[in-house]
Amino acid sequence: MLRSLYTAATGMVAQETKMDVIAHNLANTSTTGFKKNRAEFEDLLSDTLRAAAPASAQGGTAPSALQVGLGVRVTSTTRNLNQGDMINTGNPLDVAIEGHGFLQLQRANGETAYTRAGNLRVDATGRMVTQSGEPIDPAINVPQETTQLSILADGQVMAKMPGRDEPTLLGQLELATFPNPSALEALGGNVFAQSAASGEPIVSRPGENGVGQLTQGFLEGANVKAVEEMIDMISTQRAYEMSSKVITTADQMLQKLTSLR
């Protein structure tokens with residue numbers, strides 16, 4: 001009986017974690033470039049009360065083992081990297097990635113980080129930066145006298161200057177891909193960092209080597225579908241209730257056992 005109490009408790013803990021993941025997804029339905037997560041489960045080691053055995057010379061056999069499972073646990077969260085909806089903003093500094101790849105940025109500690117959020121800005125010194133002020137890598141500086149800024153599909157950043165008919169090339173945006181992008185470490189602020197499991201970054205120009213292209217004046221929305229998350233939340237709640245019901249039932253059975261005379 002105590003085994004059922006422990007097993008049901010693991011189910012409740014696992015469903016709590018899944019609900020935390022769902023809550024995080026729903027909270028970020030309006031976050032630019034957000035990629036939803038999914039909780040992954042696995043069963044715990046079973047308690048073997050009797051192992052299976054082949055037929056003996058005397059004819060006895062145990063073709064099936066007697067095993068009782070000990071519950072479940074959350075092993076990991078998997079990030080869904082499907083494309084989010086394209087949102088037309090009309091802002092020339094907004095850029096959406098259509099396809100694979102991450103924009104590179106330089107963090108304050110000198111490390112390179114990666115993001116799908118293309119809501120870029122120009123700071124007081126003319127650097128092209130993210131919403132949190134971290135400069136794009138490779139660095140791009142926009143002259144103050146720029147009258148029109150264009151970001152081409154292949155990542156070239158062009159500027160129209162007064163007195164010049166031809167646009168000036170300011171720099172080249174590059175995208176990084178990874179052998180295992182779902183293993184990138186989320187740092188918050190729409191930023192990811194390379195991890196041991198993600199592999200080394202492969203940097204390419206947009207549109208080359210299977211990398212996505214850039215679309216100016218658009219942003220990539222979160223790939224969270226609120227209806228799907230709500231359905232998942234309901235099923236998670238039901239699974240939690242069933243595990244709690246097992247604990248209540250096991251407790252009642254124990255009470256019945258202790259009341260025997």
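I take a lining residue of a pocket to be one that has an atom within 4 Å of a pocket point. I note at the outset that the model is predicted.

**Entry 1: second largest pocket**

With that definition I looked up the second largest pocket, and its lining consists of Lys35, Leu81, Asn82, Gln83, Gly99, His100, Gly101, Phe102, Arg116, Thr177, Phe178 and Pro181. I recorded a volume of about 220 Å³ for this pocket.

**Entry 2: largest pocket**

I then turned to the largest pocket, whose volume is about 260 Å³. Its lining comprises 19 residues, and those closest to the centre are His24, Phe34, Arg79, Ala186 and Phe192.

**Entry 3: nonpolar cores**

I next examined the largest nonpolar core, which has 19 residues. Within this core, the residues with the most contacts are Met128, Leu149, Val157, Leu170, Leu173 and Leu214. Strands S6 (95-98), S11 (148-151) and S12 (156-160) are the elements that give two or more residues to this core. In soluble globular proteins, nonpolar side chains tend to be buried together.

I followed Leu149 in particular. Setting aside neighbours within four places in sequence, I find Leu149 in contact with Pro92, Leu93, Met128, Val142, Val157, Met158, Ala159, Leu170 and Gln216. I also noted a second, separate core of 6 residues, including Tyr114, Ala176, Phe178 and Phe192.

**Entry 4: helix H2**

I checked the length of helix H2, residues 226-258. Its 33 residues, at 1.5 Å a residue, should span 48 Å, and the end C-alpha atoms are 48 Å apart, so the expectation and the model agree. I listed Glu229, Thr236, Ala239, Ser243 and Ala250 as buried in H2. Against which element do the buried residues of H2 pack? I find that they pack against helix H1 (2-27).

**Entry 5: Gly110**

Finally, I located Gly110 in the loop between strand S7 (102-106) and strand S8 (112-115). The relative accessibility of Gly110 is 44%, so I class this residue as partly exposed; the class lies between the cut-offs of 20% and 50%. I also computed the separation of Gly110 from Gln216: the two are 106 residues apart in sequence and 28 Å apart in space, C-alpha to C-alpha.

Notes. Residues numbered from 1 in each chain as written. Predicted model: local features only at pLDDT ≥ 70, side-chain atom pairs only at ≥ 80, totals over all residues. Heavy atoms only, no water. Core = buried A, V, L, I, M, F, W, Y, C linked by side-chain atoms within 4.5 Å. Buried < 20%, exposed > 50% of the residue type's maximum accessible area, 1.4 Å probe, protein only. Helix = DSSP H or I, 4+ residues; strand = E, 2+ residues; numbered from the N terminus. Contact = heavy atoms within 4.5 Å. Expected span 1.5 Å × (residues − 1). 1 Å grid on protein atoms, 1.4 Å probe; cavity = no way out; pocket = protein on both sides within 12 Å on 5 of 7 lines; lining within 4 Å. Points joined across faces, edges and corners; volume = space filled by probe spheres on them.
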